[in-house]
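Me: I would like to go through this model and ask, for each label put on it, what the label rests on. Please set the values against the cut-offs.

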Amino acid sequence: MSIVTPLPSVGGAAEPISIELRTWFTHAHPDLRGGLASTTTNTPYLDFPGRTNNAPEIEATMPIGRTSNLRVAYFQTKGQGDTTATSDLTLFSTDFSTGDLLVTRYTLRNLRISYEDLFYPFPHNDAKWKVKTLWEVQGTEIVSSIDAPLRAVSVDSSGLPISNTAEATRWLIYPTLGMAGEYSPTKRFHLEGRASGFAFPHRAVTWNAEATATYHIGPLVIVGGYQGFHIKTSPKREDYFNTTFGGPFAGLRWEWQ
């Protein structure tokens, strides 16, 4: 008679499939700046007034291997505000005069697709301490408009009216690289930090970072933490956005084991 001894487990299961909904309590606003291609003698920049609305977010995760996961995250934030031009402005190739009432609106959207691979302690995916590498693609779009509703409509040399509204869309698609660390002091309570970004000198920049605490109640997970996001579109254009958003967030996640 022989006794067969089972082999020890080599790593735990990959993270479960999950859907997370959260609200990000951020109240920053985008800043518009004149780029290297700007030729205007007027002021080419504007700090958008008002406060950005809270940003809804959705995030989905699924395992694609014993030690790797695919994460897709999306958030959107928008805001509006009024201000008075304190100098002559040229924004998105549209001229505004000192004293004009300016009504501004903006929407920022971000989509992040992330491949997460366990780096340490490979291949033991059930360890309390874990470090992951992040290989991502991020796309960000900023849609904005600036209107002078009280300004008299003028006409060009052909007699056609000149719009008092400046509108523009700026976007950025970048690969981003980063790291994530996770500590699980208990089976129910987890702490995680992650950061990723990418930049070219004198060109566009983007990064995002977050610190998260989670508490598991069966398949339901309570999520909370702090998140930051930065984008600078290409400064080689006539104008560019340079802005940083930050604030706490809270949400719920549902996991399918």
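**Labels and their grounds**

Reply: Of the 257 residues in the protein, 42% are buried. The model is a predicted one.

Me: What is the secondary structure of the protein, and how do the elements run from the N terminus on?

Reply: The protein has zero helices and 14 strands. From the N terminus on, the order is β-β-β-β-β-β-β-β-β-β-β-β-β-β.

Me: What makes the protein more spread out than a compact globule?

Reply: Its radius of gyration is 24 Å, whereas the globule rule gives 18 Å for 257 residues; the value is well over the rule, so the protein counts as more spread out than a compact globule. The C-alpha trace spans about 105 × 35 × 25 Å along the principal axes. Of the contacts with a separation of 6 or more, 66% are between residues 24 or more positions apart.

Me: Why is Glu-136 called buried?

Reply: Glu-136 has a relative accessibility of 5%. Buried means under 20%, so the label applies. Glu-136 lies in strand S9, residues 129–147.

Me: How do you know that Glu-136 makes polar contacts through its side chain, and which residues are the partners?

Reply: A polar contact needs N or O atoms within 3.5 Å, one able to donate a hydrogen and the other to accept it. The side chains of Glu-136 and Ser-114 are joined at 3.3 Å, and those of Glu-136 and Ser-196 at 2.6 Å. Both distances are within 3.5 Å, so both pairs carry the label. Leaving aside neighbours within four places in sequence, Glu-136 is also in contact with other residues, including Arg-112, Tyr-174 and Asn-208.

Me: Is Ser-196 buried or exposed, and what is the value?

Reply: Ser-196 has a relative accessibility of 7%; the cut-off for buried is under 20%, so Ser-196 is buried. Ser-196 is found in strand S11. Not counting residues up to four places away in sequence, Ser-196 touches Glu-136, Gln-138, Thr-176, Leu-177, Gly-178, Trp-207 and Asn-208.

Me: How many aromatic pairs are there, and why is the pair of Phe-48 and Tyr-106 called edge-to-face?

Reply: The count comes to nine aromatic pairs. The rings of Phe-48 and Tyr-106 have centres 5.3 Å apart, within the 6.5 Å that makes a pair, and planes at 90°, over the 60 degrees for edge-to-face; therefore the label holds. Phe-48 is in the loop between strand S3 (46–47) and strand S4 (55–63), and Tyr-106 is in strand S8 (residues 101–120), so the pair ties together parts 58 residues apart in sequence. Phe-48 is buried at a relative accessible area of 1%, and Tyr-106 is buried at 4%.

Me: What makes Tyr-174 and Phe-200 an edge-to-face pair, and where do they lie?

Reply: The centres are 5.9 Å apart and the planes are at 75°. The limits are 6.5 Å and 60 degrees, so this is an edge-to-face pair. Tyr-174 is in strand S10 (residues 165–183) and Phe-200 in the loop between strand S11 (189–199) and strand S12 (205–217), 26 residues apart. Tyr-174 is buried at 8%.

Me: Which residues have the most contacts inside the largest nonpolar core?

Reply: They are Phe-96 and Ile-146, in a core of 30 residues. Strands S6 (89–91), S8, S9, S10, S13 (220–232) and S14 (239–256) each supply at least two residues of this core. Leaving out residues up to four places away in sequence, Phe-96 touches, among others, Leu-89, Leu-102 and Ile-146.

Me: Why is Phe-75 called buried, and what does it touch?

Reply: The relative accessible area of Phe-75 is 3%, and buried means under 20%, so Phe-75 is buried. Phe-75 lies in strand S5, residues 68–84. Beyond four places in sequence, the residues it touches include Trp-24, Leu-108 and Phe-229. Phe-75 and Leu-111 are 36 residues apart in sequence, and their C-alpha atoms are 6.9 Å apart.

Key. Residues are numbered from 1 along each chain as its sequence is written. This is a predicted model: local features need pLDDT of at least 70, side-chain atom pairs count only at pLDDT 80 or more; totals for chains, interfaces and linings use all residues. Side-chain values use heavy atoms; hydrogens and water are left out. Helices (H or I, at least four residues) and strands (E, at least two) are DSSP runs, numbered from the N terminus. Buried means under 20% relative accessible area, exposed over 50%, partly exposed in between (1.4 Å probe, protein chains only). Contact means heavy atoms within 4.5 Å. Rings of Phe, Tyr and Trp (its six-membered ring) pair if their centres lie within 6.5 Å; planes under 30 degrees apart count as stacked, over 60 as edge-to-face and the rest as tilted. A nonpolar core is a set of buried Ala, Val, Leu, Ile, Met, Phe, Trp, Tyr and Cys residues joined through side-chain atoms within 4.5 Å. The radius of gyration is taken over C-alpha atoms; the globule rule is 2.2 Å times the number of residues to the power 0.38.
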